[in-house]
Amino acid sequence: MSYRDKKVITIGTVCELTGLTDRQIRYYEERKLVFPARSKGGTRMYSFGDVELLMEIADKLEDGLHTHEIRKLHEKRAKSALADRVAN
């Protein structure tokens with residue numbers, strides 16, 4: 001597993017890195033745009049990849065896209081990446 005994929009960053013640190021509030025980040029989770037892991041104590045844990053994804057989500061929202069549109073774009077990208085891996 002790459003360091004980008006390890007879920008080791010707490011929501012407070014993610015807020016500092018992205019400039020987003022914890023409420024915004026939880027909202028994106030509710031909208032199924034980001035999927036944090038949970039520690040044994042229930043703390044949300046994010047990866048560096050999640051941080052990049054959250055910044056991308058914030059940029060797209062600022063550009064006027066809606067959360068359901070962003071989710072569809074991410075689903076399409078994931079399907080395409082899976083198809084590429086299967087083809088190779």
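This is a predicted model: local features need pLDDT of at least 70, side-chain atom pairs count only at pLDDT 80 or more; totals for chains, interfaces and linings use all residues.

User: What percentage of the residues in the protein is buried?

Analyst: The C-alpha atoms fill a box of roughly 40 × 35 × 20 Å, taken along the principal axes. Buried means under 20% relative accessible area, exposed over 50%, and partly exposed in between, with a 1.4 Å probe and protein chains only. Of the 88 residues in the protein, the buried share is 28%.

User: Among contacts between residues at least 6 apart in sequence, what percentage joins residues at least 24 apart?

Analyst: A contact means heavy atoms within 4.5 Å. Among contacts between residues at least 6 apart in sequence, the share joining residues at least 24 apart is 55%.

User: How are helices H1 and H2 oriented to each other?

Analyst: Axes are lines fitted to C-alpha atoms, for helices over the stretch in contact, and angles run from 0 to 180 degrees between N-to-C directions. The axes of H1 (residues 11-18) and H2 (residues 22-30) come within 9 Å and cross at roughly 105°. Angles under 35 degrees count as roughly parallel, over 145 as roughly antiparallel, 65 to 115 as roughly perpendicular and the rest as oblique. H1 is therefore, relative to H2, roughly perpendicular.

User: Which residues of H2 are met by residues of H1?

Analyst: By class, the residues of this contact divide into four nonpolar, one polar and two charged. Here Ala, Val, Leu, Ile, Met, Phe, Trp, Tyr, Cys and Pro count as nonpolar, Asp, Glu, Lys and Arg as charged, and the others, Gly among them, as polar. From H1, Ile11, Val14, Cys15 and Thr18 take part, and they meet the H2 residues Asp22, Ile25 and Arg26.

User: Which helix gives the most to the lining of the largest pocket?

Analyst: On a 1 Å grid over the protein atoms alone, a pocket is an open set of points where a 1.4 Å probe fits, with protein on both sides within 12 Å along at least five of seven lines, and lining residues have an atom within 4 Å of a point. The lining of the largest pocket is made of Lys32, Leu33, Phe35, Leu53, Glu56, Arg71, His74, Glu75, Arg77 and Ala78. Helix H3 (48-62) and helix H4 (67-87) each supply at least two of the lining residues. With five residues, the helix that gives the most is H4.

User: Is lysine 32 buried or exposed?

Analyst: Lysine 32, one of the residues lining the largest pocket, is in the loop between H2 and strand S2 (37-38). Its phi is positive, about 60°, although lysine 32 is not a glycine. Most residues other than glycine have a negative phi. Because its relative accessible area is 53%, lysine 32 is exposed.

User: Why does threonine 67 count as buried?

Analyst: Threonine 67 is in helix H4. Not counting residues up to four places away in sequence, threonine 67 touches Tyr27, Arg31, Leu33 and Leu61. Threonine 67 counts as buried because its relative accessibility is 9%.

User: Which residues does aspartate 50 touch, not counting those up to four places away in sequence?

Analyst: Aspartate 50 is found in helix H3. Aspartate 50 is buried, as its relative accessible area is 8%. The residues that aspartate 50 touches, beyond those up to four places away in sequence, are Lys7, Val34 and Phe35.

Terms used:
Residues are numbered from 1 along each chain as its sequence is written. Side-chain values use heavy atoms; hydrogens and water are left out. Helices (H or I, at least four residues) and strands (E, at least two) are DSSP runs, numbered from the N terminus.
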